Amino acid sequence: MELTSAQVEEMAPDASSVKAGQKLGKPGAWQDTGRNDQMIWGQCAGSKLYDVKFDRSNFGYHCNCPSRKFPCKHVLGLLFLTANHAVAVPDTEVAPGWAGDWLKKRQDRAEKNAAAADKPKKPVDKAAQAKRAAARDKKVNDGLTRLDLWLQDLIRGGLAGLETKDYGFWNEQAKRLNDAQAPSLANRVEQLGEIPGSGRDWPSRLLMELGRLKLIVDAYQRVGQSGGPYTDALRQQIGFTVSTDELGERGETLTDRWSLVGQTSSETSRMRTQVTWFVGHGTGRTGYVLQFAVGNRSFEQLLVPGTEYNSPLTFYPGDPQRAKLGESEKTEPISERLPGHESIDAFLDAAATAWATNPWADQILASLQDVSIQVSGNEKRSWTVNDGSLQLPLTRAGHWNALAVSGGRPVDLFGTWDGLAIEPLGMVLDGQYRRLP
Amino acid sequence: MTHQDSLLSAALIGSSTAPLPASDHPADEVVAVIDRSPEEIVLLRAGARRLYERAGHEGAATGEPIPPCDPESRVIGTTQLTPLLRDEVLTGQRELAVPTFARMHELRVVLPPEVLPTVLSLSRKREREAALPILGTRGRWLAHLNADWEWGLAAGTVFDAADATSDLQAMEAEFTQGVAATRLAVLKRVRRAEPATAREWLNEVFKSESAKDRDAFVKCLGVGLSMDDEPFLEVCLKDRAGAVRVSAGGLLSRLPDSAYSVRMRERAEAMLTLESKGLIKKKPVLRCDPPESLDKDWKYDGVPEKATAGRGKRATWAHAVLRAVPPHHWSAKFERAPAELIEAVRDDNFADAILDAWTDAITFATDNVEWVVALASIWMEFAEKKRGEAAQKALAKASALVPLLPAEDIETTLREKLIGSRAAQVQGFQILNDAKCAWSDKFLSWFVSQARSVLGRKCDEMSVSWAEALVRMAPHLSPAGLATASEPWTVGEPDKQAWHHNTVSRHVQAFQHTMSVRVAIEEELQKSIRGVGGAS
């Protein structure tokens, strides 16, 4: 499939890589470029000549430059060149040896890995494993007890004045939770530090988030360790990971044509997080793939919104939304209408059911069919989506791009809904996917 | 006080001070059964309420929806045009914006929807004017929705001059009620087809307009100017705003039969006399004798009372009067060729003011090429002989006259100068830089070919001028010339100064980059016309 310039931007590890890639995405920087059904290749003149290759079936890539960013500016440059100056990357049946050999090795390696996955694994020392698990449980419980006391101290002393505290006040608690091996909670607590002083309604927002933390702590300590229906969801909220084996054993695996309809990224001091939302054509299931990357490393899978994967997808135990996408042989662009809710009322019903199943979910995917984007007001603009009967607010301001593309016509809109507003991530109009904003 | 307020107040103040509020919020019922400390109750209530409100959101009834945009009747640019416009033209190479928009207008292609918010957010006047005809139906629709984009509302009133006045009533409504940009565009459009109607509309609203708008509207009367406009313009001569009086006077001076022009001619003829001097060989001498004091009638006709910078009072008055008389009046009156009259005036005390006045006047009497050539020559001569600021001013005057010459003459002059001596090349590049005219495709092709030859041979100071001019030409090359201009360039060996080579190389790379962008844009525009890769 052909990647657009916007999709190439999404692949970049950071904004400076986008700029560097765009600078290299001009014909003058390249020689011996070409493409066929399987790959794109080219040689970029930098301080020396760099060989750049890109696998079109699964977005794998390689460049022999010494950069520690993935993908590097040369890979991005080749893709920008292909997207914006197609004539400069001519169709060529056979790739040159330095490019074709790389693809062949890659395909051979994939076959080898598939064969290795089928081999039986070494037996696990169950006693040692149980001992480690018990030690961790104790650490986590101790950490949650301390967190609970800290939360109560905040309420006892009052929230007024917290806007004068520096980030260290919150980071200290986050560090303790990391030490207690509760990294997801640590993340939440670290993010609390951004709320005080961030708008007139910050006390209300902070209180709600503190209340949410309290619900998680309470629920985990009372029912989260009993093996009951909420155990897996609560363990995920704490930060327990699920191994690949466990995911395979206990997760729900479905095969469908999965369309990637939107993506968000965020960054903390420790890592980058990417959330890619999907919709299944046959099953109608929605959810997200969560990936992490440390430093300048790229995410494990290159997931580009607007593409589709025919592959198995495994939902995590206890979480009807989070999933891991299996390997796919090829990707295709979204080219037709996707499943969604026919009305806002139907979607809100579905959202209520989703939260009843997993009360700790931050967001739900809103997949709305035939809604129009509306704007009102001039001094203080208000943005909504409207199905003719009901309307829901959109987050942030400035959805002009979405309005310009839709022209006020009904579109199929995809975004995340947190119970207050939708953050639009993409839309399908006339069978074509457009990423937002 | 609402449920939320009382709980929030308790949390803000602190449970050690504030009592736990009673509540009947539905979500509190879940917590009510739990026996906990006040702090825990506050937290659990807050958490429960948060979930209750989010999961229980019911949506709001819809307001009046925005009517969707009408379908676009013109060709829409391809989606691939968006990154080229947004990332290359409007971010990287702004000098390409106006020519690109003009090319789209020429091909009748409107902007793809994704780039409309970026274009509507442009603030430069020239870019807005160039973008206006290609905003399309969707651009105008968006402009209605955002007050910051109201300039886009004029789109659709200037796209086709051909169907200028198909609905005069609607246009009159736009003129009386529209925003400033729309009103000006409508007035110009109507003025082209029905000048009297436009003048009548203007007359009705004129007194209530601001000075700035009155001046802009008066200038519109330059389109389709005739003696029928004289009464209105005579009234404008008494306007309280100086700019309006000057604009009105400028227009009246283009009507030789107007009372204003007759008055100015009489004053000028009283000032300027031709004599013959010399014992053996008589040579003509023009004498200028402005009055010693300013008559109040002169003031009412826009002659400034105070001296302008660099001139005395009498020179200022001479300049103001003479610039209102077309120079060909003097060649007819004195029966002398323009070059003779210019020679005749050069030793006069007021020569500078007279030559300036004739140069100003010729911009409205451009059909007299002999005068344009003669004035351009004298200014070129001064540019060569004088020094410093005087030389620069003279060269600027000559360059300003260049666009009035037939394009062929300018380009012929430039071809001679640019392959001439170093001094000639310097003048040539100055004219090239200052002349704001549209070069012919033939000249541009010649220039690119010449530049390729010069830059491939050597890198010296003149090569830098060639390279700089090449970069400035890049946005204006015709689409037919892009392929040739895009062929690889070589840069010659450096002379003693390495920076010449570095500068030339940098400029050549910039030129090549511009060519690649322009080629890509042209490809996408052609695809748009063929209906390939289109937006909807």
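A salt bridge here is a side-chain nitrogen of Lys or Arg within 4 Å of a carboxyl oxygen of Asp or Glu, and 7 salt bridges are counted between chain A and chain B. This is a predicted model, in which local features need pLDDT of at least 70 and side-chain atom pairs count only at pLDDT 80 or more, whereas totals for chains, interfaces and linings use all residues. Residues are numbered from 1 along each chain as its sequence is written, chains are lettered from A in the order in which they are written, and side-chain values use heavy atoms, with hydrogens and water left out.

Select Arg156(A) and Glu39(B) to begin with: their side chains meet in a salt bridge, 3.4 Å from N to O.

Next, select the whole contact (heavy atoms within 4.5 Å), to which chain A and chain B bring 59 residues each. Between the chains about 5,000 Å² is buried, 58% of it from carbon and sulfur atoms; buried area is the accessible area (1.4 Å probe) that two parts lose on being put together, summed over both. Now pick out Ile155(A), Met208(A) and Trp400(A), which supply 12% of the area that chain A buries against chain B, more than any other three residues.

Finally, turn to β13 (390-393) of chain A, where strands are DSSP runs of E of at least two residues, numbered from the N terminus. This strand, β13(A), runs antiparallel to β1 (residues 60-61) of chain B and is joined to it by 2 bridges, and strands pair if DSSP finds at least two bridges between them. Select Leu390(A) and there look across to Ala61(B), its bridge partner in β1(B).

Notes
Helices (H or I, at least four residues) and strands (E, at least two) are DSSP runs, numbered from the N terminus.
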